[in-house]
Amino acid sequence: MSTIDLPAWAAIPASILLIIGGSLALIGSIGLLKLPSFYMRMHSPSMGNTLGAGCVLVASMLVSSALLHRPVFHEVLITLFMVMTAPVSATLIMRGAIYRTRVNAERQRRHTDVES
Amino acid sequence: MNRFPILLAILLFIMWLLLNNSVAPGHVVLGAVLAFFVARASHRMRPLQPRVRRLQRAVPLAGAVLIDIVRSNVAVARVVLGLTGGRKPTPGFISLPLDLRDPHGLAILAMILTATPGTVWVDLSADSSKLTLHVLDLQDEMQWVHTIKQRYERPLMEIFE
């Protein structure tokens, strides 16, 4: 393995940020697995999506700036596009779930009406 | 009103330089030309122009949002890991009246609410007067309404309206 000369001022904060970001994504995924209802599960992956991804992107900026000896910023664009697109999918999924809940309730009601 | 979308052109220009990660003269010229023509072309497809009144209010808003993102990440992590002190989280829907009407402000409000884990934008009534949200741990509905209106909606209204 080749050794890369990464100065300590970049290496230490970058590793801390990567650990925090990774833990947030992990906790978010655990939540996706074990939270009891769909609506609750909606919330937990967005941890990895916001602060988790943010930590990883700042770490990436630090490391590439240190390696290239000049400031590297274009990770900002990833953050921007993620923040801009996330509400669209979240709202669509949420409305789909509400529609299904409503349809199922309706079907169940009709079913019990027929039985009684 | 057929004004050239100068703000869009500037943002596209900055985006071009960021994507290429350089301020070499060639990229500056190419980016400026592209920004001009793309802004002009998209102006015809989307005639709705944002009217930014007080952009300086965006700075404290961005700070507040960053703090809230960190805070709500911690809060959601506690719920997932079961560290809420034996109390069961109470998820639920809240609906709150909105006074913000500007579509750009509403778009940014949607981004803020989605970016903070624990709240998801569900529905906005057709006249954008009633917003429905789903909250992971709803303890005090009035407090949520108050926070969203004071912390996010008011600065957005000051910026856009």
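The axes are lines fitted to C-alpha atoms, for helices over the stretch in contact, and angles run from 0 to 180 degrees between N-to-C directions. Keep these in mind as we walk through this predicted model, in which local features need pLDDT of at least 70 and side-chain atom pairs count only at pLDDT 80 or more, while totals for chains, interfaces and linings use all residues. Residues are numbered from 1 along each chain as its sequence is written, and chains are lettered from A and ligands numbered from 1 in the order in which they are written.

**Where the two chains meet**

Let us start with the contact between the chains. Chain A brings 29 residues to this contact and chain B brings 24 residues; two residues are in contact if their C-beta atoms, placed from the backbone, lie within 7 Å. On the side of chain A that touches chain B, the elements giving two or more residues are α1 (8–34), α2 (38–41), α3 and α4 (75–115) of chain A. Helices (H or I, at least four residues) and strands (E, at least two) are DSSP runs, numbered from the N terminus. Which element gives the most to this side of chain A? That is α4(A), with 11 residues. Sorted by class, this side of chain A has 20 nonpolar, eight polar and one charged residues. Here Ala, Val, Leu, Ile, Met, Phe, Trp, Tyr, Cys and Pro count as nonpolar, Asp, Glu, Lys and Arg as charged, and the others, Gly among them, as polar.

**Two helix pairs across the contact**

Two packed helices are described by the angle between their axes and the distance between the axes. From α3(A), the residues A:Met47, A:Thr50 and A:Leu51 meet B:Ile69, B:Val70, B:Asn73, B:Val76 and B:Ala77 of α3(B). The residues of this contact divide into six nonpolar, two polar and no charged.

Now look at α1(A) and α3(B): their axes come within 9 Å and cross at roughly 45 degrees. That makes α1(A) oblique to α3(B), and the crossing is left-handed. A:Leu24, A:Ile27, A:Ile30 and A:Gly31 of α1(A) make the contact with B:Asn73, B:Ala77, B:Val80 and B:Leu81 of α3(B).

**The sheet of chain B**

Strands of a sheet pair through backbone hydrogen bonds, either parallel or antiparallel. In chain B, three strands form an open sheet in the order β1-β3-β2, with antiparallel pairing. Why is one side of β1 and of β2 of chain B left without a neighbour in the sheet? β1 (92–97) and β2 (119–124) of chain B stand at the edges and each has a single partner strand, so one side of each has no neighbour there. From one strand to the next, the twist averages 30 degrees.

Two strands pair if DSSP finds at least two bridges between them. The pairs are listed here:

| Strand pair | Sense | Bridges |
|---|---|---|
| β1(B) and β3(B) (residues 130–135) | antiparallel | six bridges |
| β2(B) and β3(B) | antiparallel | five bridges |

Along β3(B), B:Leu131 is the bridge partner of B:Leu96, and B:His134 is the bridge partner of B:Val120. β2(B) and β3(B) form a hairpin with five residues between them, and B:Ser128 in the turn has a positive phi of about 50 degrees.

Helices lie against this sheet too. Helix α4 of chain B (residues 103–115) lies across β2 and β3 of chain B, running at about 145 degrees to β2(B). Helix α5 of chain B (residues 141–160) packs on the sheet and touches β1 and β3 of chain B, its direction making about 50 degrees with that of β1(B).

Note on methods: Angles under 35 degrees count as roughly parallel, over 145 as roughly antiparallel, 65 to 115 as roughly perpendicular and the rest as oblique. A crossing is left-handed if the near helix is turned anticlockwise from the far one by less than a right angle, and right-handed if clockwise.
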